[in-house]
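Subject: Handing over the structure

Hello,

Here is the structure I promised to pass on to you. Please open it beside this email, and then read on for what turned up in it.

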Amino acid sequence: MSAGFPKGRSVSYRFSYRAYRLPLRFPLRTAHGLWAEREGMIVRLQAEGGGVGWGEVAPIPWFGTETVAEAEEVCRGLGDKVTAEALQTVPERFGCLRFALACAFPAAWLGDPAQQQAKRLPVTALLPAGRAVLDAMPPKLESGYLSFKWKVGVGDPADELALLDDVLAQLPGYAKLRLDANGAWDRRTATKWLARCADRPVEFVEQPLAPADEDGLRGLAGDFPVTLALDESVARLVEAKRWQAEGWRGVFVIKPALAGPLDELAAWVETTKADVVLSSAIETALGRAAVLRFALTRAELTKRALGFGVGEVFGDRRWDGPMLGPVLDAGWLAGVNSEELWNTLN
């Protein structure tokens, strides 16, 4: 399966795009305030022979991506007839648009059904912040999840830290816990957390400091035995490559919908053996299906559970897709109807 720009071909495609604006079922608390509405675009390519493909542009500007308006302006400039060569001229900084365009080539949607059917990948469940985590974990354990991500850095740091052992006490020895601070801690708070985690079974701590504090992140990675992961620091693939070239040996949490063509991500992982977690950018089922189809076909991309256990984001089955449980298989893909989503925006 390919999910990149075709090479050596001058075939023309009919190109169109439509914007969407969807309220989130529950607003998300972020370092930039409440996130209540998802904006994005769906792009569509139709080959001369009639094959059709779709891709999703799902930017998160406070991660350093382009905005929807900027992506839309580039799309207007492309016109309604394009070639693969023309699409490859979209600048690298438009990672979300390049991801969508590469996914939309009709051949990218064919894949290898037999290969996809043979794969099953574990999924991480997202746990709520604060004491709600204690009630949320047991039912997810019963449903079969073996990997969990707990949002921290949201409430009082001392209260959250006091909960850590209670959370771990609920966790069977065969399950894994990730902590995600979303860059909310200062160095002093991060030091306290990492000292506490040093002798506890935590898979990794994600983005303990803000992306701007690069010296602090490198210092923590050297001072504590806990595995650290970068997320907001590596929104674009070029940033992950830079951190790796500068010696980062921790985990890279990559949101493929922000990072550019999937083929480029796969080539980097396969060449450098980067330790990667594939994670959701709160995209719709259309964009998520493109990533998960690729992950099922190229399972060597990651040895860690997928960060796509986000639950019902929109409260609309068409846009959320089927409920994704503790294990991803090809059956989930069959429940996503890209053409229906496109027509909904008509």
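Two residues are said to be in contact when they have heavy atoms within 4.5 Å. Please also keep in mind that this is a predicted model.

With that in hand, let's begin with a pair of helices. In helix 6 (residues 157-170), Pro 157, Glu 160, Leu 161, Leu 164 and Asp 165 meet residues of helix 7, namely Thr 189, Lys 192, Trp 193, Arg 196 and Cys 197. The residues of this contact divide into five nonpolar, one polar and four charged. How are the axes of helix 6 and helix 7 placed? They are 11 Å apart and pack at an angle of about 10 degrees, with helix 7 covering residues 187-197. Angles under 35 degrees count as roughly parallel, so helix 6 is roughly parallel to helix 7.

Next come the aromatic rings. The count comes to nine aromatic pairs. One of them joins Trp 35 and Trp 62, whose ring centres are 5.0 Å apart; their planes stand at 90 degrees, so this pair is edge-to-face. It links distant parts of the chain, 27 residues apart: Trp 35 belongs to strand 2 (residues 33-47), while Trp 62 is in the loop between strand 3 (52-57) and helix 1 (68-78). Trp 35 is buried, at 11% relative accessibility, whereas Trp 62 is partly exposed at 33%.

Trp 243 and Trp 248 make another edge-to-face pair, with 5.5 Å from centre to centre and 85 degrees between the planes. Are these two buried or exposed? Trp 243 is buried, with a relative accessible area of 1%, and Trp 248 is buried too, with 6%.

Finally, a word on the backbone. Most residues other than glycine have a negative phi. Lys 273 has a positive phi, near 60 degrees. It is found in the loop between helix 11 (262-272) and strand 11 (276-278), and at 67% relative accessibility it counts as exposed. Ile 282 also has a positive phi, of about 55 degrees, although it is not a glycine. Ile 282 lies in the loop between strand 11 and helix 12 (285-297) and is buried, with a relative accessible area of 13%.

Notes. Residues are numbered from 1 along each chain as its sequence is written. This is a predicted model: local features need pLDDT of at least 70, side-chain atom pairs count only at pLDDT 80 or more; totals for chains, interfaces and linings use all residues. Side-chain values use heavy atoms; hydrogens and water are left out. Axes are lines fitted to C-alpha atoms, for helices over the stretch in contact, and angles run from 0 to 180 degrees between N-to-C directions. Helices (H or I, at least four residues) and strands (E, at least two) are DSSP runs, numbered from the N terminus. Angles under 35 degrees count as roughly parallel, over 145 as roughly antiparallel, 65 to 115 as roughly perpendicular and the rest as oblique. Ala, Val, Leu, Ile, Met, Phe, Trp, Tyr, Cys and Pro count as nonpolar, Asp, Glu, Lys and Arg as charged, and the others, Gly among them, as polar. Rings of Phe, Tyr and Trp (its six-membered ring) pair if their centres lie within 6.5 Å; planes under 30 degrees apart count as stacked, over 60 as edge-to-face and the rest as tilted. Buried means under 20% relative accessible area, exposed over 50%, partly exposed in between (1.4 Å probe, protein chains only).
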